[in-house]
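Here is a friendly briefing to read with the model open beside you.

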Amino acid sequence: MKKNSFTLIELLVVIAIIAVLASMLLPALQQARNKARESTCTGNQKQVIAAQGMYAADNNGRMVVAIGGRPFSEALLGARLNGAPNWDYTPDSKFVGYLSPASKQILVCPFHMQAANKQFDGWQTNGMYMGVWDASYTNNKGLVGDYINHVNSQNSFYMISKAKRPSELHIYADTAQYGATDYFKSPRGINMFSVIVGNGVGVPSGGTDSGIWMGHHGLANVSFMDGHTATRSTLQLRDGAMKVKKVITLELERRGM
């Protein structure tokens with residue numbers, strides 16, 4: 001008589017084989033997914049730093065950090081990014097706009113849940129460097145140039161022509177809020193960062209200290225004044241022209257150190 005069904009033992013063997021194959025494939029799939037996100041993050045940053053270049057071309061060689069009390073993100077989008085409850089945007093005629101407001105998620109690292117949900121406002125994006133918060137900027141002018149045009153608390157720019165080493169100045173980066181309990185769930189905090197965090201330096205009035213976030217397996221994506229984007233380690237950031245003193249890791253955020 002022909003056998004038409006599996007025995008219990010055969011069925012258990014098949015299930016065990018499937019489980020083994022799944023355990024072997026899932027890490028590889030997760031790794032591929034992470035690589036894709038890292039690539040997306042790099043591509044996003046390239047678009048933002050290119051938009052900064054276009055802004056500078058139209059504004060006497062000045063890249064924007066803040067203007068009229070609004071962040072660079074809104075100046076580049078040409079729109080106000082509204083917060084809760086709608087998380088939408090409102091076109092702002094004061095800004096020309098060099099990026100599409102509908103693609104605002106490029107301003108946030110795709111590893112962050114806010115990128116997928118598109119739930120962030122103009123102050124919760126990746127950050128621009130704010131040298132006026134860093135004592136190290138003053139001490140480093142001889143090396144990198146005096147390129148920051150800080151008009152007042154409402155208006156701040158970078159003068160490309162005054163930068164001595166634009167290819168070494170990472171002025172835009174993955175950033176996170178110092179002391180956040182969980183980067184993947186918490187708001188980003190201010191979208192400007194200092195190269196010294198966690199010691200009271202770099203905290204603006206009414207703001208929260210932020211820094212470069214080493215969220216890509218201990219690395220960070222950063223973009224430079226000359227328009228290129230690269231991935232850097234903590235050591236590379238500390239030994240670079242900007243002399244980063246402290247970075248933010250997921251462990252650092254959780255411990256509040």
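The structure holds 3 aromatic pairs, where rings of Phe, Tyr and Trp (its six-membered ring) pair if their centres lie within 6.5 Å, and planes under 30 degrees apart count as stacked, over 60 as edge-to-face and the rest as tilted. This is a predicted model, in which local features need pLDDT of at least 70 and side-chain atom pairs count only at pLDDT 80 or more, while totals for chains, interfaces and linings use all residues. Residues are numbered from 1 along each chain as its sequence is written, and side-chain values use heavy atoms, with hydrogens and water left out.

**Aromatic pairs**

- The rings of Tyr55 and Tyr98 have centres 5.9 Å apart and planes at 70°, so this pair is edge-to-face.
- This pair links distant parts of the chain, 43 residues apart: Tyr55 is in helix H1, and Tyr98 is in the loop between strand S4 (89-91) and helix H3 (113-117). Helices (H or I, at least four residues) and strands (E, at least two) are DSSP runs, numbered from the N terminus.
- Tyr55 is buried, with a relative accessible area of 6%, and Tyr98 is buried at 17%. Buried means under 20% relative accessible area, exposed over 50%, and partly exposed in between (1.4 Å probe, protein chains only).
- Tyr147 and Tyr158 form another edge-to-face pair, with 5.9 Å from centre to centre and 65° between the planes.
- Here too the pair links distant parts of the chain, 11 residues apart: Tyr147 sits in the loop between helix H5 (141-144) and strand S6 (148-152), and Tyr158 in strand S7.
- Both Tyr147 and Tyr158 are buried.

**Overall make-up**

- The protein chain has 7 helices and 13 strands.
- Of its 257 residues, 46% count as buried.
- Among contacts in the protein chain with a separation of 6 or more, 61% come from residues 24 or more positions apart; contact means heavy atoms within 4.5 Å.

**Nonpolar cores**

- In soluble globular proteins, nonpolar side chains tend to be buried together.
- Which residues touch the most other members of the largest nonpolar core? Among its 37 residues, they are Leu76, Tyr147, Tyr158, Leu169, Ile171 and Met225. A nonpolar core is a set of buried Ala, Val, Leu, Ile, Met, Phe, Trp, Tyr and Cys residues joined through side-chain atoms within 4.5 Å.
- Helix H1 (8-58), strand S1 (62-67), helix H2 (72-77), strand S5 (127-129), strand S7 (155-159) and strand S8 (170-173) each supply at least two residues of this core.
- H1 gives the most to this core, with 5 residues.
- Apart from this core lies another, of 10 residues, among them Ala173, Ile212, Met214 and Val222.
- Leaving aside neighbours within four places in sequence, Tyr158 is in contact with residues including Met63, Val65, Met128, Tyr147, Ile171 and Met225.

**The cavity**

- The structure holds 1 cavity of 30 Å³ or more. On a 1 Å grid over the protein atoms alone, a cavity is a set of points where a 1.4 Å probe fits but cannot get out, and lining residues have an atom within 4 Å of a point.
- The largest cavity has a volume of about 50 Å³, a volume being the space filled by probe spheres set on the points.
- Its lining is made up of Tyr129, Ser136, Tyr137, Asn140, Val144, Tyr147, Leu169 and Met242.
- That lining divides into 6 nonpolar, 2 polar and no charged residues. Ala, Val, Leu, Ile, Met, Phe, Trp, Tyr, Cys and Pro count as nonpolar, Asp, Glu, Lys and Arg as charged, and the others, Gly among them, as polar.

**Positive phi values**

- Most residues other than glycine have a negative phi.
- Asn60, in the loop between H1 and S1, has a positive phi near 55°. Asn60 is exposed, with a relative accessible area of 72%.
- Lys243 has a positive phi of about 55° and lies in the loop between helix H6 (234-239) and helix H7 (250-255). Lys243 is partly exposed, at 33% relative accessible area.

- Gly122 is in the loop between H3 and S5. Is Gly122 buried or exposed? Gly122 counts as buried, at 1% relative accessibility.
- Leu235 lies in helix H6 and counts as exposed, at 58% relative accessibility.

Methods: 1 Å grid on protein atoms, 1.4 Å probe; cavity = no way out; pocket = protein on both sides within 12 Å on 5 of 7 lines; lining within 4 Å.
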